[in-house]
Amino acid sequence: MKKLLLLFALVWLYGVPECHALKSESLVSYCQVAKKTVMIDAEMIQFQFCNGYIQGISDAMQMQQAEIDAKGRLIHKQTFCLPDEVTTTELALVYLKYMDGHPEKLHEDAFVTLWNALNDAYRCPRAAPHP
């Protein structure tokens, strides 16, 4: 387990540019292993990075879409709504599919293309108008 954590730390330190946002090309590279059914140790670390990044960013995006009104009530202004049962692996596959269709966006920051992928795949249903 200690070797796995050390390897993860090394990948993190040397695999992500310091003081710069992760680029989509890098996230795609990390997430490619999500398509595999059997992984070696190094691939498992990439997979864990991919899942951790996607889970953290998608959670932050969902929190950012929430707002508190003047009376302290929570207001959701969501553009995407993740199903309760969706897994981070499924989100990674959705991201890869989006990026396969938009290779021109590989140079963009990963959080931007992840936002776009989630908006495309999990658009919130429109609320019915109140009478």
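User: Contact means heavy atoms within 4.5 Å. Which residues does Ile54 touch, not counting residues up to four places away in sequence?

Analyst: The model is a predicted one. Ile54 is among the buried residues of helix H3. Once residues up to four places away in sequence are set aside, the residues that Ile54 touches are Cys31, Thr88, Leu91, Ala92, Tyr95 and Leu114.

User: What pattern does the chain follow along the sequence?

Analyst: The secondary structure amounts to five helices and two strands. Taken in sequence order, these elements give the pattern α-α-α-β-β-α-α.

User: What share of the contacts in the chain with a separation of 6 or more comes from residues 24 or more positions apart?

Analyst: The chain has 131 residues, of which 31% count as buried. It exposes about 8900 Å², with carbon and sulfur atoms supplying 60% of that area. Among contacts with a separation of 6 or more, the share contributed by residues 24 or more positions apart is 62%.

User: What distance does helix H3 reach from its first C-alpha to its last?

Analyst: Helix H3 covers residues 41-64, which is 24 residues. At 1.5 Å a residue the expected value is 34 Å, and the helix comes close to it. From first C-alpha to last, H3 reaches 34 Å.

User: Which residues have the most contacts inside the largest nonpolar core?

Analyst: The largest nonpolar core comprises 27 residues, and those with the most contacts inside it are Ile54, Tyr95 and Leu118. Two or more residues of this core come from each of H2, H3, H4 and H5. The contacts of Ile54 include one of the other two named residues, Tyr95. The names asked for are therefore Ile54, Tyr95 and Leu118.

User: Is Ser58 buried or exposed?

Analyst: Ser58 is found in helix H3, and a polar atom of its side chain lies 2.8 Å from the backbone oxygen of Ile54. Beyond four places in sequence, Ser58 touches Phe80, Leu82, Leu91 and Leu118. Its relative accessible area is 1%, and the cut-off for burial is under 20%, so Ser58 is buried.

User: Which residues is Ser24 in contact with, leaving aside its neighbours within four places in sequence?

Analyst: Ser24 lies in helix H2. At 0% relative accessibility, this serine counts as buried. With neighbours within four places left aside, Ser24 is in contact with Tyr95, Met99, Lys105, Leu106, Glu108, Asp109, Ala110 and Thr113.

User: How many residues apart are Asp109 and Lys23?

Analyst: Asp109 and Lys23 form a salt bridge whose closest N and O atoms are 2.7 Å apart. The pair links distant parts of the chain: Asp109 belongs to the loop between helix H4 (88-101) and helix H5 (110-121), and Lys23 to the loop between helix H1 (2-15) and helix H2 (24-31). Asp109 is partly exposed at 22% relative accessible area, and Lys23 is partly exposed at 38%.

User: Which parts of the chain hold Asp100 and Lys35?

Analyst: The side chains of Asp100 and Lys35 meet in a salt bridge, at 4.0 Å from N to O. Because the two residues sit in separate elements, the pair ties together parts that are 65 residues apart in sequence. Asp100 is exposed at 51% relative accessible area, while Lys35 is partly exposed at 47%. Asp100 lies in helix H4, and Lys35 in the loop between H2 and H3.

User: Is Glu43 buried or exposed?

Analyst: The structure holds three salt bridges, and one of them joins Glu43 to Lys36, with the closest N and O atoms 2.3 Å apart. Lys36 is partly exposed at a relative accessible area of 39%. Glu43 has a relative accessible area of 15%; since burial requires a value under 20%, Glu43 is buried.

User: What distance separates the C-alpha atoms of Cys124 and Cys81?

Analyst: Cys124 is placed in the segment after H5. This cysteine is buried, with a relative accessible area of 15%. Cys124 and Cys81 are 43 residues apart along the chain, and their C-alpha atoms are separated by 5.0 Å.

Methods. Residues numbered from 1 in each chain as written. Predicted model: local features only at pLDDT ≥ 70, side-chain atom pairs only at ≥ 80, totals over all residues. Heavy atoms only, no water. Helix = DSSP H or I, 4+ residues; strand = E, 2+ residues; numbered from the N terminus. Buried < 20%, exposed > 50% of the residue type's maximum accessible area, 1.4 Å probe, protein only. Areas by Shrake-Rupley, 256 points an atom, 1.4 Å probe, with all protein chains shown as cover. Expected span 1.5 Å × (residues − 1). Core = buried A, V, L, I, M, F, W, Y, C linked by side-chain atoms within 4.5 Å. Polar contact = N/O pair within 3.5 Å; in protein donor to acceptor, adjacent residues only side chain to side chain.
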